[in-house]
Amino acid sequence: MANPNEADATLGRLKKFLVTGNNSSECYGVHIIRDVVNWYQGFERSQHKGQGMQLPKTTDPIELLLDSSVIPKMVEEGKADTIIDTLRSYNQLSCVDKEALVLCLAVASKQSDQKKLVTDSHSAVRELCTNTHLFFLFIHFSKMISKKSGHSGWGRGLRRAVSEWYLSWEPQRLALEVTRHSSAHGWTHRDVIRLAHLKLKDMPLGTQVVLHYVFLGLEKTKDKYTGQDNTSELLELLQALDRHPHSSAPQAGEPTWDNDQVISKAGKVHDQFGGLSLHDVPSQSLKSQEVWSHVLDKLEAESVVASVNRLARGNFLNPSSEPCHALQAKLVDRLSQEDVAASATTPAQVLMALHAYEHPTRFIAVGAVKGQDKRAKGGAAKVARPPGKVSSRRTTKTNPKVVEALHALLAASATNIEKTTRRLGIFVDVRATMGTSHVWTGNPVGKGEVTGYEGAAATVLSLASGGTSPAATALAFSGTTFSELKLTEGITLPQLIDKFKETVIGEVNIERALKWAQEQQAETVVVLTHRLEQSVITAATEGLQRHNETNKTQTRLVLCGLCSRHLSVPHTNNLLVVLGFQQRTPTVIRAFHERHF
């Protein structure tokens, strides 16, 4: 058994993983869970096709996930009894990475020598896997881990967890869930129900109806349950939610959708459940201006932001399109409504949506080009270039009113972020490179056009709650000292960037920032800069340790290199190094500041 300090360090690693979703090497900007899941799905496809794709010789991706979760290490240290309690408590935090949480739950459920931990893990599945995406991800992880050890994974515990997940839903909500998210991660509800050997006859009548629909479709379900007690309303709901078109004249084998049926479905979902998701609307129907006109004001906040780019791809936001003017006005009005700004939508999410709208990317297929074949090593044989995809910018006309509405939403969403009560100093590098270079977003293709200024401004607005948090102070490295950036309530991202540009530039000096923290009794210092060098990280680590030892403090330091990647990061409790900028960057920094890891 490890000593208490080592055990506390391991628990700290678990908490950090639950927030960042990345492994101990801190490859920030690369989501290790999604990367491994995508690799594994490709591996399975290749095995199924007989292509014989082999496991990597250097690092086993599944072992990488197991090590990243820290769960086996905690079990080894005798901390198994704290795992599920930690997962449950972090599930309540808005900063948690849900996919990392589900991975840890799946790994905990496979610790076969810890019977109580396994039982508790299966009991927590419904509480932590709150939708189909997370539920199927848990099953997928369970399969990956079991297959590595030579088992099927479908033991009694997992079958019981699956049964309890379906039984815990109220029938109407279950009907919405199985039609809204019919599949994920290569799994369908039908697959899971069959492999778990669920017995419908032993279930409550409402659950029976929904699961019978999953297996046999609407018509057979109506034939079996019509006339039975208390099933009429549920059958009517399934009729409205059914994902299969009811049109009697499909063309060329393709399903067709009646717009009136789609609009009726949208109204029923909104009236019964209080909100509508884009998942509830067939993709084909989103090509219809009539459908958009009826569903736009019913969409939930997150779907409203996502709808901007769906509308743009359908050419409904072209400012020169007169027939679409009413729809464009409705979108601008919806983006301006209070419930959208007051939702969980963050400034960084709005910023990424804004840039996807202003700088759309499409992918075009490429293959071998005659006369341009590459020669294999050794020189003789020609090897055709494999087909693939490359990004290509497509020209588009943006609607200035939509852009203005998104900027207003970004500012409003920042003011709705809970204010920090811990003293925080945010230091911004305002040199020209921040305005001309594009940040690394972790996506090697089609990375967008977000500049360093914009990434820094979105982070400042998030951490300072749009200028409403008295505990957060924003400063710029200016000359040989600092220049405070006065944030008025409701300040927009372009206005803050103008403040960056108006400031006399200065060199980034972390030692001075730490000295400011000592004078102002700040608990955390955040430095937002264009690029970090390895020598800068090393010097900052030593300087922070010196500062805390000399002043007997526990000041925390965040170094954010918006255009940096592939650097070695030291592991210390009071230092966080962030490489690149993503939607969750401000969230991770805020969680570190609030001592969630």
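Visitor: Which helix holds alanine 348?
Guide: Alanine 348 sits in helix 20, residues 347-358. Keep in mind that this is a predicted model.

Visitor: Why is alanine 348 called buried?
Guide: The relative accessible area of alanine 348 is 1%. Buried means under 20%. Therefore alanine 348 counts as buried.

Visitor: What does alanine 348 touch, leaving out residues up to four places away in sequence?
Guide: Alanine 348 touches Phe581, Gln582, Gln583 and Pro586. A contact needs heavy atoms within 4.5 Å. As for arginine 584, the C-alpha atoms of alanine 348 and arginine 584 are 7.3 Å apart. In sequence, 236 residues separate alanine 348 from arginine 584.

Visitor: How many helices and strands does the protein chain have?
Guide: The protein chain has 27 helices and twelve strands. Buried residues make up 50% of its 597 residues. Among contacts with a separation of 6 or more, 72% join residues 24 or more positions apart.

Visitor: What makes strand 7 largely enclosed?
Guide: Strand 7 covers residues 424-428, and five of the five are buried, so the rest of the structure largely encloses it. Leu424, Ile426 and Val428 point one way. Gly425 and Phe427 point the other way. Residues on both sides are buried.

Visitor: How do you know that strand 7 pairs with strand 8?
Guide: At least two bridges are needed for a pair. Strand 7 and strand 8, residues 472-478, are joined by five bridges, so they pair. The two strands run parallel. Leucine 424 has alanine 472 as its bridge partner in strand 8. Valine 428 has alanine 476 there.

Visitor: Which way does strand 7 pair with strand 10, parallel or antiparallel?
Guide: Strand 7 and strand 10, residues 524-529, pair in the parallel sense over five bridges. Isoleucine 426 has valine 526 as its bridge partner in strand 10.

Visitor: In what order do the six strands of the open sheet stand?
Guide: The order is 9-8-7-10-11-12, and the pairing is mixed.

Visitor: Why is one side of strand 9 and of strand 12 left without a neighbour in the sheet?
Guide: Strand 9 (481-484) and strand 12 (575-579) each have a single partner strand, so one side of each has no neighbour in the sheet. Neighbouring strands of this sheet are turned by 25° against each other on average, direction ignored.

Visitor: What makes strand 12 mostly covered?
Guide: Five of the five residues of strand 12 are buried. On one side stand Leu575, Val577 and Leu579, and on the other Leu576 and Val578. Both faces are covered.

Visitor: How many bridges join strand 11 and strand 12?
Guide: Strand 11, residues 556-561, pairs with strand 12 over five bridges in the parallel sense. Glycine 561 has leucine 579 as its bridge partner in strand 12.

Visitor: Which residues of helix 18 are buried?
Guide: In helix 18, residues 325-335, they are Leu327, Gln328, Leu331, Arg334 and Leu335.

Visitor: How do you know that the buried residues line one face of helix 18?
Guide: Seen down the axis of helix 18, the buried residues fall within an arc of 125°, so they line one face. They pack against helix 16 (289-295), helix 17 (301-313), helix 19 (338-341) and helix 21 (400-415).

Visitor: How many aromatic pairs does a search of the whole structure find?
Guide: The search finds twelve aromatic pairs.

Visitor: Why is the pair of phenylalanine 135 and tyrosine 166 called edge-to-face?
Guide: The ring centres are 5.8 Å apart, and the cut-off for a pair is within 6.5 Å. The planes stand at 85°, and over 60 degrees counts as edge-to-face, so the name applies. Phenylalanine 135 lies in helix 9 and tyrosine 166 in helix 10, 31 residues apart.

Visitor: Are these two residues buried or exposed?
Guide: Phenylalanine 135 has a relative accessible area of 1%, so it is buried. Tyrosine 166 has 0% relative accessibility and also counts as buried. Phe135 and Tyr166 belong to one aromatic cluster with Phe136, Trp165 and Trp169.

Visitor: What makes arginine 556 a charge over the ring of phenylalanine 592?
Guide: Arginine 556 lies over the face of phenylalanine 592, at 4.4 Å from the ring centre. The distance cut-off is within 6 Å. Arginine 512 lies over the face of phenylalanine 482, at 5.7 Å from the ring centre.

How values were computed:
Residues are numbered from 1 along each chain as its sequence is written. This is a predicted model: local features need pLDDT of at least 70, side-chain atom pairs count only at pLDDT 80 or more; totals for chains, interfaces and linings use all residues. Side-chain values use heavy atoms; hydrogens and water are left out. Buried means under 20% relative accessible area, exposed over 50%, partly exposed in between (1.4 Å probe, protein chains only). Helices (H or I, at least four residues) and strands (E, at least two) are DSSP runs, numbered from the N terminus. Axes are lines fitted to C-alpha atoms, for helices over the stretch in contact, and angles run from 0 to 180 degrees between N-to-C directions. The arc is that of the directions from the helix axis to the C-beta atoms. Rings of Phe, Tyr and Trp (its six-membered ring) pair if their centres lie within 6.5 Å; planes under 30 degrees apart count as stacked, over 60 as edge-to-face and the rest as tilted. A charge sits over a ring if NZ of Lys or CZ of Arg is within 6 Å of the ring centre and within 35 degrees of the ring normal.
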